[in-house]
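Here are my notes on this one, written as I clicked through it. Have the model open while you read.

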Amino acid sequence: MLRLHFFNQSGVEIAWQSPLENGDQTHVIYDVNCLIRKICSADDVDNCLCENCASDVDKVLKMNHVIVMGLSSFVNHTFKIFAKNRVSEVAKRIYGNEGNFATLNIMIEGLVDTMNVIYLNVIYGFVGLIVLIILLFCYTTFERWRLRRQENDVQMTAYLGQRARRFVLNFFQAVQMLPLVVAEDRTTNEILDGFELDRPQLKLVKLLGTGNFGQVSKAIYGPSQMRVAVKSLKDNAEKEDLENIILELEVMKSLRNHPHVVGHIGHCIEKDPVFIVLEYLPYGDLLGYLRKSRGIEDNYDTGEKDRSSALTEKDLLSFAWMIADGMDYLASMKVVDRDLAARNVLVGENRVCKISDFGLARSLQEDIYTRRTQA
């Protein structure tokens, strides 16, 4: 009994059953002949003019199945399977008896030639590779263009930022008022300017803290009831103290608004007492704010509000950065603070730190500052 299985588009697998009678010989081998039928009569299909297949078929097999590859489409094939042993060879040589064989006729119809399939696969693969290379080239080109554009945008932004910063600094330096030089016999009436506020609209609310020669109070100014801080002299202040507060006022007038320097709103100096009106920061000085964060009571603390939560390392680094930013601004404006300390830094909403108290600050006329006295 023969079994046929189409292995692929140009190959078949043929299997057969071992012979029942083998002449008491256990060693059986098989020959498989592949023929192509060329001319056949309609009545006798078994007697056809045939030629050998081009496919390589094993002539001596010890197993009862074989795979034949490379068969052509639309061609009649005949397979003859011979079962042989040692007795079969002797009988053929002495008596001329041929052994029995099984015949299988097949035609491979509608199958594509294997070589054509290989060629098509190669062509498809080559085309796919070319498309992949083109896509990769396009992607690489686009990425380079995008990165180059980003670099150009960053360079342009930095360039415009420098130009804008230069323009703003030059503008402020051009329009800022020259520092006033206060002589010993100079009166406050000689320095009245556009910063002068309406004294009757300024209402002191309560005292926040005191310093060497001055004091700071909370006040309300104008119809909008804007909260401000007012710095003034003590009742026992001397003439030298008045000169110092006027020097501090002139330093503040030379500055412009900065997010980390206490803002100067205006002043009232047309008569005594002299008032310097400043931005109000409700959490007071940084020294008391830090002490309270560690649970230490501080009588010197000037803040009206308590901190909302514990301070973290990030908060402390933020404080340091804001103070450094404010000092950098003062240096750019040629102002030497000379008294930077936590007690002279105020804390506002959202834990914003601002440098204050310019009682010892001085404006430089040149780029060089020389200390002539020992600290």
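At what angle do helix α4 and helix α5 pack, and how far apart are their axes? Point 2 has the reply, after a word on the model.

1. **Ground rules.** This is a predicted model, where local features need pLDDT of at least 70 and side-chain atom pairs count only at pLDDT 80 or more, while totals for chains, interfaces and linings use all residues. Residues are numbered from 1 along each chain as its sequence is written, and side-chain values use heavy atoms, with hydrogens and water left out.

2. **The helix pair.** Helix α4 (residues 286-293) packs against helix α5 (residues 313-332) at an angle of about 175°, and the axes are 13 Å apart. Angles here run from 0 to 180 degrees between N-to-C directions, with axes as lines fitted to C-alpha atoms, for helices over the stretch in contact. So α4 is roughly antiparallel to α5; the cut-offs are under 35 degrees for roughly parallel, over 145 for roughly antiparallel, 65 to 115 for roughly perpendicular, and oblique for the rest. On the α4 side look for Leu286, Tyr289 and Leu290, which meet Leu316, Phe319 and Ile323 in α5 (contact means heavy atoms within 4.5 Å). By class, this contact has six nonpolar, no polar and no charged residues. For the classes, Ala, Val, Leu, Ile, Met, Phe, Trp, Tyr, Cys and Pro count as nonpolar, Asp, Glu, Lys and Arg as charged, and the others, Gly among them, as polar.

3. **Overall make-up.** The chain has five helices and 16 strands. These are DSSP runs numbered from the N terminus: H or I of at least four residues for helices, E of at least two for strands. Of the 375 residues in the chain, 32% are buried (buried is under 20% relative accessible area, exposed over 50%, partly exposed in between, with a 1.4 Å probe and protein chains only). Taking contacts between residues at least 6 apart in sequence, 63% join residues at least 24 apart.

4. **The five-stranded sheet.** Follow the open sheet in the order β8-β9-β10-β12-β11, where the pairing is antiparallel; two strands pair if DSSP finds at least two bridges between them. β8 (202-210) and β11 are the edge strands, each pairing on one side only. From one strand to the next, the twist averages 30°. Seven bridges join β8 to β9, and Leu207 stands opposite Ser217 in β9. Helix α3 (residues 239-253) lies across β10, β11 and β12, running at about 140° to β10.

5. An unreviewed UniProt entry places the feature "binding site" at Lys231. Bear in mind that UniProt positions are given in the numbering used here, feature names are shortened, and annotations may be inferred rather than shown by experiment. Lys231 lies in strand β10 and is buried, with a relative accessible area of 10%. Leaving out residues up to four places away in sequence, Lys231 touches Gln215, Val216, Ile245, Glu248, Val274, Phe275, Ile276 and Asp357.

6. **β2 and β5.** Four bridges join strand β2 (residues 11-16) to β5, and the two run antiparallel. Val12 has Val68 as its bridge partner in β5, and Glu13 has Ile67.

7. **Backbone spots to check.** A cis peptide bond joins Asp272 and Pro273, with omega about -5°; Pro273 sits in the loop between β11 (264-268) and β12 (275-279). Gln225 has a phi near 55°, positive in a residue other than glycine, and lies in the loop between β9 (214-221) and β10 (226-233). Arg351, also not a glycine, has a positive phi of about 60°, in the loop between β14 (345-347) and β15 (353-355). Are these two buried or partly exposed? Gln225 counts as partly exposed because its relative accessibility is 46%, while Arg351 counts as buried at 18%.

8. **One last pair.** Asp328 is in helix α5 and is partly exposed, with a relative accessible area of 46%. Asp328 and His260 are 68 residues apart in sequence and 10.0 Å apart in space, C-alpha to C-alpha.
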